[in-house]
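Have a look at this one with me before we meet. I've jotted down the spots I'd click on.

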Amino acid sequence: MAIPGHIDPVPVPRPEVASDDARMDLLGLSRDAIRAALLDAGLDERQAKLRAKQLWHQIYNRGATDFDAMSDIAKPQRAWLAERFKVGRPNTVVQQVSTDGTRKWLLKTDDGHDFEMVFIPDADRGTLCVSSQVGCTLNCRFCHTGTMRLVRNLTPGEIVGQVMLARDALGEWPSQPEGRMLSNIVMMGMGEPLYNFDNVRDALKIVMDGDGLGLSRRRITLSTSGVVPMMEKAGAEIGVNLAVSLHAVTKEVRDEIVPLNRKYGIEELLQACADYPGANNARRITFEYVMLKDKNDSDEDARELVRLIKKYKLPAKVNLIPFNPWPGAPYECSSDERVQRFSDIVFEGGISAPIRRPRGRDIMAACGQLKSAAEKKSRAELDKLAEEKLAALG
C-alpha cells in the first residue's frame, strides 16, 4: 500500500515568494548536514568537522543566531560563515497572551504562509504545542484547523524553529536539563504529523539530542488522527509518547467527525496502538476524546470505550476534552454534568479519564481552535472538502 505523507496529499497553488537572502539557513540541519554544507562551501574535512560541532553547540545549546556572538569561533571564520550562512527563526506576525497565561504565536514562513504555535504554562511544567503543517491533511469536523486546506508540510527547520522561538521568548538559553519553563512538547498543533513523517522525525531528533536542546523523549508526545501504516514506524524511528485522536467509539460517528476512519477503521487503529513500540504502563497511550453534545457523550459510549481499551489490552489513559467552539462550528459542547458522568464511568472501568481544563479559549488557542484566518464554511462545503482530502489520500 502506498503511504501518503512524503509529498503533499492535497496539492494547492502556492505563490512563489523569492527571498532576498540567498544564504543557506542552518536551522533544522543535523550535525552531518551542517558538516556537508561547510564542505560544499570550501572547508576541508578537518575544519568542517570541527566547525560543525561548534555550530551545533552554539545553535541548539546556546540559541545563537548571530555568528559574531559565537565566541569559540575565530573572528575571521565568523565573518566567512556570515557571508554564506544564517541561523533563522520563524517570522512572528502576532503574539497573543490569554488571561490564563497561555501564549499563541501567529508565524509566517519565508514563502508567505501562516501557521501557529501555543505555549501552555502550568505550575509544574510548560507545554509547547507545535505545528507540523500549514493547514491540515485531514478534515475532522470538530476541529477549526481541519476546515483549512493543506498548503504544505513544514520543514525540519520550521518545526525546530518553533521550539527555538519559544525558548527565545522564555529566556531559556543556554539549554538546561532541569528547571526550565518549557518542559514538554506536544505535536498537536496544525496538521497531521504522520503525513509529514520525515520532517517531524528529523526535527524531533534535534530536539531530543542531549548535546543540543536536550528534551527527553518521555517529555514529547506525538498526536495522530490514526494514520495506521505510519504508527509502528513512528514508534521505531522517533520513539516518543503516542496520543491518538479517537473521539468516537462507533464507525458511524467516527466516520463523520474523523473522516480518516473511513480509510483506517477503529479496530485497525486500536490494533496499531497495541503494536506501538515502547507502549507500557509507564508510557501509556493517550486517547484524546472531545466531548460533543448528543454525538459521542452517552453512557453507552463511555462503556464501549472501556470495552475497546480492555479488548486490546492497551496501557492507556483518556483525556476528555470539552469541545472548544469556533465560528461556524457544527457541534456544541457537552454539559459539565455529562462530561463528569462520562469520566466517572471510564474511571469505574479502571481507566484514567481526567477532564482537560480548556486553556487559551479567549485567544482561540485551545484544542481544535488553531487556524490562522477565520473562515465560515457550510456543512456542504465541509463535506466536499472532506471528500477531496480522502480522495487525495487514496
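Here are my notes on this predicted model, point by point.

1. Start with D301, which sits in helix 9, residues 299–311. D301 is buried but makes no salt bridge. Its nearest side chain of opposite charge belongs to R338, 7.3 Å away.

2. Next, the cysteines. An unreviewed UniProt entry lists C136, C140 and C143 under "binding site". C136 is in the loop between strand 7 (133–134) and strand 8 (152–153), and C143 is in the loop between strand 7 and strand 8 too. Are they buried or exposed? C136 has a relative accessible area of 9%, so it is buried. C143 comes out at 15%, so it is buried as well.

3. Most peptide bonds are trans, and most residues other than glycine have a negative phi. W173 and P174, however, are joined by a cis peptide bond, with omega about -5°. You'll find P174 in the loop between helix 4 (156–170) and strand 9 (184–187).

4. H247 isn't a glycine, yet its phi is positive, about 70°. Look for H247 in the loop between strand 11 (241–245) and helix 7 (251–257); it is buried, at 4% relative accessibility.

5. K313 has a positive phi too, near 55°. K313 lies in the loop between helix 9 and strand 13 (316–322) and is exposed, with a relative accessible area of 73%.

How values were computed: Residues are numbered from 1 along each chain as its sequence is written. This is a predicted model: local features need pLDDT of at least 70, side-chain atom pairs count only at pLDDT 80 or more; totals for chains, interfaces and linings use all residues. Side-chain values use heavy atoms; hydrogens and water are left out. Helices (H or I, at least four residues) and strands (E, at least two) are DSSP runs, numbered from the N terminus. Buried means under 20% relative accessible area, exposed over 50%, partly exposed in between (1.4 Å probe, protein chains only). Lys and Arg count as positive and Asp and Glu as negative; His and the chain ends are not counted. A salt bridge is a side-chain nitrogen of Lys or Arg within 4 Å of a carboxyl oxygen of Asp or Glu. UniProt positions are given in the numbering used here, feature names are shortened, and annotations may be inferred rather than shown by experiment.
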